[in-house]
Structure formats: C-alpha cells, structure tokens
Amino acid sequence: MSLNDACYPDDAGQSPHTALLGSEFVGWDAETQTATMRFTVKREMTTWRGGVQGGLVAGYLDDVMGYAFVAATGGEMAPLNLDISMSLIRLIPEGATILAKGRVVKAGRRVVFLESELTAEDGTIYARATSTALPTPRPTPTSTGME
C-alpha cells in the first residue's frame with residue numbers, strides 16, 4: 001500500500017492534524033476493514049513524565065479509526081465522533097514508533113462503531129479505544145474553506 005492508494009485521501013497529507021501527529025498511512029485491509037498507520041512520537045506531544053499526554057494519545061487513536069472508515073467508504077465518508085472511550089495501558093515514550101490499527105466494527109446509515117489500538121513495534125500495547133460516530137460526507141479543504 002502507498003499514499004497513492006484509492007482508499008487514502010489525496011488531501012490527507014495536507015491536513016493540519018496530520019502534520020501535528022506525524023501520521024503515516026501504512027495500509028488498508030478491505031477484508032477486515034482495518035487501517036494501519038505509523039507515528040513517531042514528537043517531543044511536543046509529551047509531558048514532563050516523558051510520555052505522550054493522554055488527550056494526544058486519543059488523537060492517534062482517533063486518527064486511525066477515522067481513516068479506517070474513510071477507506072471503508074472509498075474516501076466518500078468520514079466519521080463525526082459522538083464519543084470515544086479510551087484505555088491508557090502504558091506510557092508512550094518520546095521518540096517511540098507507534099503502530100496503530102483502526103477497524104470498522106459496524107457501519108450503518110446512522111451510526112458507525114470503530115475501534116483502535118496503539119502498539120510498539122514489538123507488539124507491546126500502549127492504548128486502546130472505541131468510538132461511536134455519525135457517518136458524514138468527508139470534508140475537504142475546499143468544502144470547509146481551509147484551502
């Protein structure tokens with residue numbers, strides 16, 4: 001898979017949040033409806049404890065869940081979160097390479113259920129999340145006036 005795949009939006013690399021998180025799209029498995037992404041933890045994401053601040057961990061988890069749904073709809077739709085439930089299992093250290101998997105559990109016309117997990121390269125689990133979202137047309141820089 002590459003950034004030129006149909007399931008990865010052409011404008012995704014331009015998104016302000018993508019730049020902040022350092023999102024790297026790795027792949028899409030249509031059979032399991034699972035997106036895989038990679039992040040390298042920037043110093044700006046950490047607290048004085050030396051790990052990623054909890055709300056920013058939610059950003060990584062949300063990003064990969066969102067791309068799973070975008071990919072599942074061929075780039076037509078995006079989730080608008082109603083809630084996110086997250087478990088912070090261990091501290092994610094500065095400089096760590098995080099592998100993220102996000103999956104569409106069930107997508108209906110009115111509600112979407114998503115889940116995600118962050119791991120170290122050796123498989124150590126850092127965090128998990130679930131989300132309930134509304135399916136919406138995928139916004140673009142042009143449609144939102146951010147271009």
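Because the model is predicted, local features are reported at pLDDT of at least 70 and side-chain atom pairs at pLDDT 80 or more, whereas totals for chains, interfaces and linings use all residues. Residues are numbered from 1 along each chain as its sequence is written, and side-chain values rest on heavy atoms, with hydrogens and water left out.

The protein chain contains three helices and six strands, assigned as DSSP runs in which a helix (H or I) has at least four residues and a strand (E) at least two, with numbering from the N terminus. Read from the N terminus, the order of these elements is α-β-β-α-β-β-β-β-α. Of the 147 residues in the protein chain, 38% are buried, where buried denotes a relative accessible area under 20%, exposed one over 50%, and partly exposed a value in between, computed with a 1.4 Å probe and protein chains only. The protein chain exposes about 8,100 Å², of which carbon and sulfur atoms supply 52%; the accessible areas come from the Shrake-Rupley method with a 1.4 Å probe, and for residues only the protein chains shown count as cover. Among the contacts in the protein chain with a separation of 6 or more, 63% are between residues 24 or more positions apart, a contact being defined by heavy atoms within 4.5 Å.

Strand β2 (residues 34–40) pairs with strand β4 (residues 97–107) in the antiparallel sense over seven bridges, and threonine 40 stands opposite threonine 97 in β4. Strand β4 in turn runs antiparallel to strand β5 (residues 112–119), to which eight bridges join it, and the bridge partner of lysine 106 is phenylalanine 113 in β5. With four residues between them, β4 and β5 form a hairpin.

A search of the whole structure gives four salt bridges, the criterion being a side-chain nitrogen of Lys or Arg within 4 Å of a carboxyl oxygen of Asp or Glu. In one of them, glutamate 24 is joined to arginine 38, with the closest N and O atoms 2.9 Å apart; this pair links distant parts of the chain, since glutamate 24 belongs to strand β1 (residues 24–29) and arginine 38 to strand β2, 14 residues apart. Glutamate 24 counts as partly exposed at 38% relative accessibility, as does arginine 38 at 26%. Another salt bridge connects arginine 103 with glutamate 115, the closest N and O atoms being 2.8 Å apart, and this pair links strand β4 to strand β5 across 12 residues. Arginine 103 is partly exposed, with a relative accessible area of 30%, and glutamate 115 is likewise partly exposed at 30%. The side chains of glutamate 117 and arginine 128 also meet in a salt bridge, at 2.6 Å from N to O; because glutamate 117 lies in strand β5 and arginine 128 in strand β6 (residues 125–137), the pair ties together parts that are 11 residues apart in sequence. Glutamate 117 is partly exposed at 27% relative accessibility, and arginine 128 is partly exposed at 40%.

Aspartate 63, in helix α2 (residues 54–72), is buried yet has no salt bridge, the nearest side chain of opposite charge being that of lysine 42, 11 Å away. In this assignment Lys and Arg count as positive and Asp and Glu as negative, while His and the chain ends are not counted. When residues up to four places away in sequence are set aside, aspartate 63 touches His17, Leu21, Ser23, Met37 and Phe39.

One aromatic pair was found, under a rule by which rings of Phe, Tyr and Trp (its six-membered ring) pair if their centres lie within 6.5 Å, and planes under 30 degrees apart count as stacked, over 60 as edge-to-face and the rest as tilted. The rings of phenylalanine 39 and tyrosine 60 have centres 4.7 Å apart and planes at 50°, so the pair is tilted. Phenylalanine 39 lies in strand β2 and tyrosine 60 in helix α2, and the pair therefore ties together parts that are 21 residues apart in sequence. Phenylalanine 39 is buried at 0% relative accessibility, and tyrosine 60 is buried with a relative accessible area of 0%.

Finally, glutamine 33, located in the loop between β1 and β2, has a positive phi of about 55° although it is not a glycine. Glutamine 33 counts as partly exposed at 28% relative accessibility.

How values were computed. Two strands pair if DSSP finds at least two bridges between them.
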